[in-house]
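Let's take a friendly walk through a protein model, with an eye on its rings, its sheet and its overall build. Keep the structure open beside the text as you read.

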Amino acid sequence: MRILFISLVLAATVFGYEDEPLAYGNFPDGFVWGVATSAYQIEGGWDEGGKGLSIWDVFTTDWDSNGKVACDSYHKYKEDVQLIVNLNVTHYRFSIAWTRIFPDGVGETVNEEGILYYNNLIDELKRNNIEPVVTLYHWDLPHALEEQGGWLNADIAVWFEEYARACFVNFGDRVKFWITLNEPYVVAHLGYGIGIFAPGISGSGTSEYIAAHNLLRAHAKAYRLYEREFKNQQGGIIGITLDAGWPIPEDDSQPNIDAAERNIQFDLGWFANPIFSENGDYPQIMKEKIAEKSQLQGYEKSRLPEFTQQEIIELKGSSDFFGHNFYRGFMVADFQSDIGSISQDADKDTFVYADPTWYTTGSSWLNVTPFAMRSILNWIKTTYNNPKIYITENGVSDKAGNLDDFGRVYWYKHYINNVLKATMDGADVKGYFAWSLMDNFEWNAGYTEKFGLHSVNFTDPALPRRPKKSTELFSAIVRSNGFIEGLIPCE
Ligand code: GBH
């Protein structure tokens, strides 16, 4: 039996996968259902309401497309709240543009017009019984702060703390669910490592470790501020949202199994370990590998910075939940990188790729791997002592943007079913947010990759939204809080 099981798993690993039977069942009581967006991707209104320039405004200056207008949610937020209501979800995750609150990133006084915009949005949500879930930072750093080094400047921990304070003071009476940072891995690795996202700085394996260090320090400061001065009175929860794909070892050889574990430690453990593990520090494997390679490369000390004792104390336990944006699995093999190459990828000593049998999507990095959702949830459960988990993003792109979006129907059905299976395995998953409410500005892919449950016609100046077919399945799952025989077809 056991041998049969193992060989089935192996066959699935080596030769792609077959649809597993879906599970019928309910999510736990109180399970949170929501949809997500972010400020730069949907708001537009880039120079309205006293807003300052962000690094994405600047980074996209010479591009064909940018977020100047985006979905124009800055003006159309009431219409957007109705889209949310129609999905039957109870929660909306959006982000605040730091540049609307402090146009220059810091200041004695807040920009009242920016406060007003978010007050209006939050009030409109509350009137419609939708709980706001607010991300403080979804990548749109004030350009004025980037001019002082941005996430590479250690002072940013205090700049971020003061910005967070302004948000808690102004919105905390109604916002009870805060997310400090969205995907610090992406900010550090793409923004300050390989440089394909704003601010476009290249420094993989060097600058990006400093950016990551400051992101973690900033997160901890905002968390401790809320805990100290707001939590008792306002009664909300606050945490961080991380991201990582699920590494599938190429085969069951020990080097490849170790490579897969190493890969997730470098992607997810990098940020999760300091916050969710007992030692409040980077994963041991990262510390060892980077120190060893740094020495061989002639550095005086490790390229990976060290936390002070005080920082470790602040970081440890600094999240009320484990927010995770989950999209995909990938194959991993052990790979000895050249000691001459200095980068975060080289530090991992792994090789990653997609299995050619997996469904592709509208994004080259994204394959349809629903089983990986269950795996990563179980990994988070066992690695970090069973934390409360929220899937704060999950969704798929296509390029067609058509309303009869069968690929997205398949995605939500199979991915959400694997969240259900993970809860049956004992993972403490508290909620799920679909990415995204509507097609929007997909960063360096512009408007070509469409992740929306609603389509937006970007060639029509009125930017009309229309529900896609996938909204029907998604809201049926939400309404039944699970997969009920006869209601949601599981065959
Ligand atoms: C999420 O990140 C983001 O939070 C969200 O804003 C975004 O819209 C959503 O993904 C969909 O992409 O340029 O080809 O090298 C998920 C992790 C990290 C995946 C950046 C895509 C860039 C790939 N993402 N990555 S590429």
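The side chain of K68 places its charged end over the ring of W46, 4.5 Å from the ring's centre. Please keep in mind that you are looking at a predicted model.

| Charged residue | Ring | Charged end to ring centre |
|---|---|---|
| K68 | W46 | 4.5 Å |

How many aromatic pairs does the count come to? There are 57 aromatic pairs. One of them joins W56 and F197 in an edge-to-face arrangement, with 5.4 Å from centre to centre and 75° between the planes. This pair links distant parts of the chain: W56 belongs to helix α3 (residues 55-59), while F197 lies in the loop between α9 (184-191) and α10 (207-229), 141 residues apart. Are these two residues buried or exposed? Both W56 and F197 are buried. They also belong to a cluster linked by ring pairs, whose members are Y40, W56, F59, W63, W139, F197, F441, W443, Y447 and F458.

Now turn to the strands. Three of them make an open sheet with mixed pairing, in the order β7-β9-β10. Its edge strands, β7 (246-249) and β10 (350-353), each pair on one side only. From one strand to the next, the twist averages 40°. β7 runs parallel to strand β9 (residues 329-334), and the two pair over 4 bridges. If you find I248, look for M331 in β9, its bridge partner.

Helices accompany this sheet. Helix α12 (residues 254-276) packs on the sheet and touches β7, β9 and β10, with its direction at about 120° to that of β9. Helix α16 (residues 371-383) lies across β7 and β9 and runs at about 100° to β7.

Finally, step back to see the whole chain. Its secondary structure comes to 18 helices and 15 strands. The radius of gyration is 22 Å, close to the 23 Å that the globule rule gives for 491 residues, so the chain is as compact as a globular protein of that length. The C-alpha atoms fill a box of roughly 65 × 65 × 45 Å along the principal axes. Of the 491 residues, 62% count as buried. Among contacts between residues at least 6 apart in sequence, 78% join residues at least 24 apart.

Terms used. Residues are numbered from 1 along each chain as its sequence is written. This is a predicted model: local features need pLDDT of at least 70, side-chain atom pairs count only at pLDDT 80 or more; totals for chains, interfaces and linings use all residues. Side-chain values use heavy atoms; hydrogens and water are left out. Rings of Phe, Tyr and Trp (its six-membered ring) pair if their centres lie within 6.5 Å; planes under 30 degrees apart count as stacked, over 60 as edge-to-face and the rest as tilted. Buried means under 20% relative accessible area, exposed over 50%, partly exposed in between (1.4 Å probe, protein chains only). A charge sits over a ring if NZ of Lys or CZ of Arg is within 6 Å of the ring centre and within 35 degrees of the ring normal. Two strands pair if DSSP finds at least two bridges between them. Axes are lines fitted to C-alpha atoms, for helices over the stretch in contact, and angles run from 0 to 180 degrees between N-to-C directions. Contact means heavy atoms within 4.5 Å. The radius of gyration is taken over C-alpha atoms; the globule rule is 2.2 Å times the number of residues to the power 0.38.
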